[in-house]
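These are my notebook entries on a structure I examined. I record what I looked up and what I found.

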Amino acid sequence: MRKQFDYIVVGGGSAGCALAARLSENSNITVALVEAGKRSGGLKVDVPGLLSKVVPPNPMNWNYWTEPQKHLNNRKLYWPRGKVMGGSSAINGMIYIRGHARDYDEWAQLGCKGWSYDDVLPYFKKSEGSDRPDDPYHKGDGPLKVSQRTSVNPLNEAFLAAGGQMRLPFTGDFNGENQEGVGWFDQTIRNGRRQTTAKTYLAEAAGRENLTIIADTQVQRLTLSGKTVTGVEITTGGTIDNLVAAKEVILCGGAINSPQLLQLSGIGNAEDIMSVGLPLLHELPGVGRNMQDHLDMLVAAHLKQPVSLIRYQSPRRAIGELAKWFMKKPGVLSDVVLPVGAFVKTDKALERPDIQFHILLGMADKPHGFAKPHEHGFGVHVCQLRPRSRGTISLASDNPLVPAKINPNYLADPDDMRVMLAGIKMARQLIHQPALADFIEKEKAPLTGVHLDDEEAMIEIIRSESETIYHPVGSCSMGPPDNKNSVVDPSLKVIGLNGIRVADASIMPCLIGGNTNAPTIMIAEKCADMIKSEL
């Protein structure tokens, strides 16, 4: 195998596949893409309706757990992250959301020049192959195929009608001019197949002679010569080797693995690195800090009518739906399990929504698909979009194969609990609107019998029941070099070092208002253009 490349991209996830594909468009440079997981995830990844097979612990998943969370009754929360080519785009809910325009203007105001909404919109459009007509917000010729609604479950229309009864506006495009309201989510699905960055970007680039794709290989450390990163140390099947980068190494490992790799390489906060016996080679206090995630609470209800997805668990129906999928006919396996939702404000004076609802067409007895539902129900995921709490990623060991310590520090800021309470109250009001009355029997425990205004009881339920909705960001935060918390500058170069950038969700200085896959791909697109402009 070749050992020297111009660019080494570490991590074949949502960002890594897109970045490697775009860089390799230039035939004059060589690119290596290194992924710890397998090259393909197979049928479980391709079939949208098999989401519950890829989220729980499995070989295509890093299967992370947080540290005990002080403000969540000392619970450890499960954090699934994709460990397969395509990364978390291979195990996510396939919802295509960019966030609010104001999110990116805020990044620019924080010192991230070139990252305002007007700056990043062209990269969203460049990445997207939408089935919407071309307009100021969408293009149809990008690699990532995105489709509009396909689900036909009657709960979808009932939810939208209930939103109208609560005087929530209807929006036909959450990624268009106005995000607020109820509506259908666009999906990273085309012809019933999940659209990962491996199946789209990387598939288009795979035949290029200047692109080397290396799977089942974990990067253990960066190699440095003074203040210049020269390559990576890798392990494949227990064999350690080195790859050399003539120009740059670009980290695309995500909000957990990118800061961990920097720390394992002696780059970061002195205390974090030296506490596990590693030498400090470059002090950068912000590494592993500023970590943010969307906390989520499921407001669920028992259904009177057998219309939830549980009806497809019978062998006869399951086989029939699988046959439809293979024949590329519309069916439940071709759809997302969260087809409709809403962006709402808990205070009308807010400039942008602070809560997102995802509607689950089934009842989860346990979070993350750990158990099959056994009765008909549905749920409203209540996601707080802009938490003030900040957490950390830090080393647990000097061994690269030992997972980092993940401490999101959920609800450390009291304002986060206030917003969660308000969002849950709105969700409970929504499911009791007349449009849903014919479907819903009663709320699911532990909400059953708890009055809307019983904040003390609700706070305890939030502490004992809330979970992540899988959107960690911020642990290699982008910002001006003179900010002590910045890890990368607006060109995504690691501050104080040569030959290294970070291009993934970890660079977000603030969480965006929505699902994070589309913004992560946008970051890769913009990074590729910045690199190309310097050649």
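I began at K328, which follows helix α10 and has a positive phi near 60°. Helices here are DSSP runs of H or I of at least four residues, strands are E runs of at least two, and both are numbered from the N terminus. Helix α10 covers residues 315-326, has 12 residues and reaches 16 Å from its first C-alpha to its last, close to the 16 Å expected at 1.5 Å a residue. The expected span is 1.5 Å times one less than the number of residues.

I noted the basis of the work: this is a predicted model, local features need pLDDT of at least 70, side-chain atom pairs count only at pLDDT 80 or more, and totals for chains, interfaces and linings use all residues. Residues are numbered from 1 along each chain as its sequence is written, and side-chain values use heavy atoms, with hydrogens and water left out.

Next I searched the whole structure for aromatic pairs and found 10. Rings of Phe, Tyr and Trp (its six-membered ring) pair if their centres lie within 6.5 Å; planes under 30 degrees apart are stacked, over 60 edge-to-face, and the rest tilted. W62 and Y64 form a stacked pair, 5.8 Å centre to centre with 5° between the planes. W325 and F326 form an edge-to-face pair at 5.2 Å centre to centre, with 80° between the planes. I also recorded one aromatic cluster, formed by Y104, W107, W115 and F124.

I then asked which residue lies over the face of W62. K83 does, at 4.5 Å from the ring centre. A charge sits over a ring if NZ of Lys or CZ of Arg is within 6 Å of the ring centre and within 35 degrees of the ring normal. K526 lies over the face of W115, at 5.1 Å from the ring centre.

I checked burial as well (buried is under 20% relative accessible area, exposed over 50%, partly exposed in between; 1.4 Å probe, protein chains only). Y64 counts as buried because its relative accessibility is 5%. W325 is buried too, with a relative accessible area of 4%.

In the loop between α11 (414-431) and α12 (434-437) I looked up Q433. Q433 counts as buried at 16% relative accessibility. Leaving aside neighbours within four places in sequence, Q433 is in contact (heavy atoms within 4.5 Å) with A162, Q165 and M166.

Last, I counted disulfides, pairs of cysteine sulfur atoms within 2.5 Å, and the count came to zero.
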